[in-house]
Amino acid sequence: EIHDITRDHMGFMWFAGSDGLARYDGYTFKVYRHEANDPNSLSDNSAWDLLSDSRGQLWIATENGLNRYDPELDHFIHYRHQPDKPNSLGHNNTRVIIEDRQGDYWLGTLAGLSHMNSETGEFRHYRHEADNPNSLGKGFVNSIAEATNGDLWLGLDGGGLSKLNRASDRVSRYMFDRQDPNSLSHNIVRSVFVDFLGDVWIGTDHGLNLLKAGSNQFRRFWPSEDDPHSINSSNIYRIIEDNEQRLWIATDGGGINLLDRESLHFSHYRNDSRNPESLASDVIRSIYEDPYGDLWFGSFPAGVSHYDSTNTSFRTIRHDDRNSKGLPHSSVLALLEDSKNNLWLGTEKGLSLLPQDSSDFQSFQHDPQDPGSIGQGAVLSILEDSNATLWVGTWSGGISRLDKGGTSFRRHA
């Protein structure tokens with residue numbers, strides 16, 4: 001299973017997965033795994049996250065420590081938790097690593113958040129402390145958003161919202177409080193987004209929240225049967241801002257909600273079985289805005305919807321047994337627009353290409369008798385590298401690379 005894909009500053013493609021790390025040089029793969037007798041090997045075979053940083057360094061977050069790749073010696077430098085060294089990594093189970101605007105590193109671990117000073121290599125930790133309300137919230141970090149001033153907003157699974165003030169190096173915790181109607185609406189935070197005004201939008205399992213810049217009071221948005229302009233679902237998956245600075249909210253069960261910033265009213269885009277120009281499904285998994293300002297919504301399990309911003313209408317693309325040139329499956333799991341403005345869709349039954357100037361799909365499905373077909377399983381991720389080569393990650397068939405002719409694949413299990 002592939003967890004992450006990146007390209008380093010030398011052009012190598014790197015793949016992190018459940019069975020190690022792989023590097024592709026354009027011709028062959030080299031696989032790196034943990035070797036018990038080699039102290040410079042990868043620290044663990046469960047590689048979760050990759051970061052190719054602004055300095056040209058490659059970092060690998062694993063279940064047993066952080067790794068930095070040394071290209072000259074072709075081995076790894078390890079950063080591990082050491083109980084007798086408080087400036088070491090906070091916990092060896094490391095799942096996420098990012099680089100901030102100042103070039104420092106932030107890691108999400110089983111023990112909380114760790115900040116790595118890029119100059120000294122020392123770590124500073126932000127942990128949950130049950131008796132300290134000013135400590136980091138508890139639970140895994142689901143979402144991180146960096147504000148323009150460098151502050152970090154963290155959405156936690158059960159621990160609400162935490163803000164790390166970079167100037168004071170202090171953590172503020174925002175939790176649901178039954179006695180306070182201006183508190184966060186729920187402690188399971190799925191998504192955090194900082195808009196162009198600096199306001200923070202928080203999507204939870206029980207409502208949308210707005211925290212205005214400079215305020216400590218949350219405004220909650222919940223469905224209301226008495227208000228037709230209210231948000232229509234409490235389960236928020238994704239929040240994005242389009243090129244016209246409009247907020248689109250993807251929900252589980254309520255389709256898409258579009259917010260009018262002036263009135264704070266929501267317009268609803270939902271599936272209507274009687275209307276072929278409605279949204280494909282009320283469960284939206286992904287959103288993509290193309291260069292023309294149109295929006296694409298990947299839904300589950302009913303296909304993809306293309307929102308025409310000029311005509312304010314949807315065109316639903318879904319599987320149709322009667323159409324051999326249609327989408328092979330209605331569950332769209334990944335979306336990518338390539339450098340030629342063609343749209344690629346990953347589905348439960350392979351990969352589909354929608355050319356820029358066509359309404360017909362070209363489908364690529366696994367064929368056990370054809371070694372040039374795409375790997376088996378659902379397509380979960382799609383990436384185009386700097387050479388315009390397409391890479392596809394599948395559920396059980398590893399990685400597939402589309403050849404330059406666009407007709408066959410080379411599989412890398």
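**Group meeting: strands and rings in a predicted chain**

Strand 31, residues 350-354, is mostly covered, with 5 of its 5 residues buried. Buried here means under 20% relative accessible area, exposed means over 50%, and partly exposed lies in between, using a 1.4 Å probe and protein chains only. Strands are DSSP runs of E with at least two residues, helices are runs of H or I with at least four, and both are numbered from the N terminus.

A word on the source. This is a predicted model, in which local features need pLDDT of at least 70 and side-chain atom pairs count only at pLDDT 80 or more, while totals for chains, interfaces and linings use all residues. Residues are numbered from 1 along each chain as its sequence is written, and side-chain values use heavy atoms, leaving out hydrogens and water.

Back to strand 31 and its neighbours. Strand 30, residues 343-347, runs antiparallel to strand 31 and is joined to it by 5 bridges; two strands pair if DSSP finds at least two bridges between them. A hairpin through 2 residues connects strand 30 to strand 31, and T347 stands opposite G350 of strand 31. Strand 31 is also joined to strand 32, residues 362-364, by 3 bridges, again antiparallel. There, S352 has S363 in strand 32 as its bridge partner.

Now the whole chain. It holds 36 strands and 0 helices. Of its 413 residues, 49% count as buried. The C-alpha trace spans about 65 × 60 × 30 Å along the principal axes. A compact globule of 413 residues would have a radius of gyration near 22 Å, and the chain has 23 Å, which agrees. That radius is taken over C-alpha atoms, and the globule rule is 2.2 Å times the number of residues to the power 0.38. Among contacts with a separation of 6 or more, 39% are between residues 24 or more positions apart, where contact means heavy atoms within 4.5 Å.

Strand 23, residues 256-260, is joined to strand 24 by 5 bridges, and L259 has F266 in strand 24 as its bridge partner.

Last, the rings. Rings of Phe, Tyr and Trp (its six-membered ring) pair if their centres lie within 6.5 Å; planes under 30 degrees apart count as stacked, over 60 as edge-to-face, and the rest as tilted. The count comes to 18 aromatic pairs. Y32 and Y69 are an edge-to-face pair, 5.9 Å centre to centre with 65° between the planes. Y32 lies in strand 4 (residues 29-32) and Y69 in strand 7 (residues 65-70), so the pair ties together parts 37 residues apart in sequence. Both Y32 and Y69 are buried. The ring centres of Y69 and F76 are 5.4 Å apart and the planes are at 50°, so that pair is tilted. F76 is buried, at 3% relative accessible area. Together, W14, Y32, Y69 and F76 form one aromatic cluster.

Two charges also sit over rings. The charged end of R23 is over the ring of F12, 4.8 Å from its centre, and that of R95 is over the ring of W48, 4.1 Å from its centre. The rule asks for NZ of Lys or CZ of Arg within 6 Å of the ring centre and within 35 degrees of the ring normal.
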